2 protein chains.
Amino acid sequence: MSLAARNDFGISDVVGMDAVAFRRMVREGGYSGSTAAVAPGNVQANLAILSAEEASDFLRFCVRNPKPCPIVGMSEPGDPRIPELGEDLDIRTDIPRYRLWRDGELVDEPTDIKALWKNDSVAFALGCSFSFEEALLQADVPIRHIEKGTNVSMWRTNIQCAPAGKFHGPMVVSMRPMTPADAIRAIQITGRMPNVHGAPVHFGDPAAIGIADITKPDYGDPVEIRPGEVPVFWACGVTPQSVVQAAKLSLCITHAPGSMLVTDARNGRMEG
Amino acid sequence: MSLAARNDFGISDVVGMDAVAFRRMVREGGYSGSTAAVAPGNVQANLAILSAEEASDFLRFCVRNPKPCPIVGMSEPGDPRIPELGEDLDIRTDIPRYRLWRDGELVDEPTDIKALWKNDSVAFALGCSFSFEEALLQADVPIRHIEKGTNVSMWRTNIQCAPAGKFHGPMVVSMRPMTPADAIRAIQITGRMPNVHGAPVHFGDPAAIGIADITKPDYGDPVEIRPGEVPVFWACGVTPQSVVQAAKLSLCITHAPGSMLVTDARNGRMEG
């Protein structure tokens, strides 16, 4: 079976698929699409791979900015495994689609990075809003962009991250419109999940965090804010991507948007 | 020493006083003022005393409306003790000033109710916002009415309590203006304290809960809302007082505003 033929698998084939089976399928080159509906209840993670030298600064950056950059797992230098997120997990092959950045520019979107992994490469798996969105839906807090089948709205803000070495820049936030009653419950629920972005960083007036136009997101799709609703803003996993991009590293590897690392960790264990 | 002489004790004499010593002093007729600064860290409670027949309905009312009416303790019918709130506690004497209501009308403000306690009287001690305000101040969330030395602003809302027997009516809320960032922390902190009103019921637009004029509270004092702040609304312990008043019971006894039951229970144990 050729790689092209294997890649014929589509989203409908992976809905509800088990994490171990899904990673094996991806590893064998069988899928390069979205992970949104894969392994419900399992933690999906943002990826950043850097050289050991840069990883030291980046680790400090994550520790100083836990809301946008919650570390759910990381590799030893040169070792492509992250056993705490999956016994068999191989970070070089198990993500459906990667993004390759050179000097801050996107240069490729490969489906494996075996040839790029070095003996000083370090992989960071960072928490993702999929985990808290699942908790909100289970608590009957509606999430409009999921109902509409669109991507969450995201903006760069005027909230500066705490810098570390060459890593610095503004926090990126995602926004979900909610009634105040739902926002209060969402704050309580996500506040108990600090490993996946935690409580919101702001609600209400977008200008207060430097967002000029709430109808025009910097990333993702626009979403309607209905009368009686307020925009609620969470720190977003796009922040570290934006920061590593701005640092213009000679080489950096991330996941492609929506094509996450599917782990064996469970969302129900992401409470702090 | 005459009762009049004993009553010369003022607020400055009771600041930081131990709960057991304070109740003994009150029991002996030595103080009839505010309990605001007494026994820091201890739970202070709202009081409602009803006949056993009405207490049965009122208990259901409290259970159905835990945010405005969180029960922190209650007596057996006819027994004036609530040992879980203080070994020595005598609910007939230990509150500095009571309010006596007949047919929904305030008729007296006695300093003890020994003559009014009956063999079917039931006392309810209900959680009070002093407990969560202390937790907010400890977490460096500023509370303007405390800084200004005024009473918290309160309103009757259009949020109807769940009825039980003859008890029904609108929820009363207290309001504290905060920045969104402080409001998010306050929601997390008070959400962990369901026995003392829990998380807010609303924030933002006052009209959404039937408040016509945010500068004119129904009870308490007005408070400034500064640019960049939003009003945050908590269910308030005045709700049960308003409800028992509206029920026009032949006899009902409550505490006088600010003159609370000082218990041995600790605020730090009010997490749910």
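**A tour of the two chains**

Begin with chain B and select β6(B) together with strand β7, residues 170-178: the two pair in the antiparallel sense over five bridges. Strands here are DSSP runs of E of at least two residues, and helices are runs of H or I of at least four, numbered from the N terminus; two strands pair if DSSP finds at least two bridges between them. The model is predicted, so local features need pLDDT of at least 70 and side-chain atom pairs count only at pLDDT 80 or more, whereas totals for chains, interfaces and linings use all residues. Residues are numbered from 1 along each chain as its sequence is written, while chains are lettered from A and ligands numbered from 1 in the order in which they are written.

Next, select B:Q160; its bridge partner in β7(B) is B:P170. Widen the view to the open, antiparallel sheet of four strands in chain B, ordered β6-β7-β9-β8. At its edges stand β6 (153-160) and β8 (202-203) of chain B, each with a single partner strand, so one side of each lacks a neighbour in the sheet.

Move to chain A and select β8(A) with strand β9, residues 230-235, an antiparallel pair over two bridges. Within β9(A), A:V232 is the bridge partner of A:F203.
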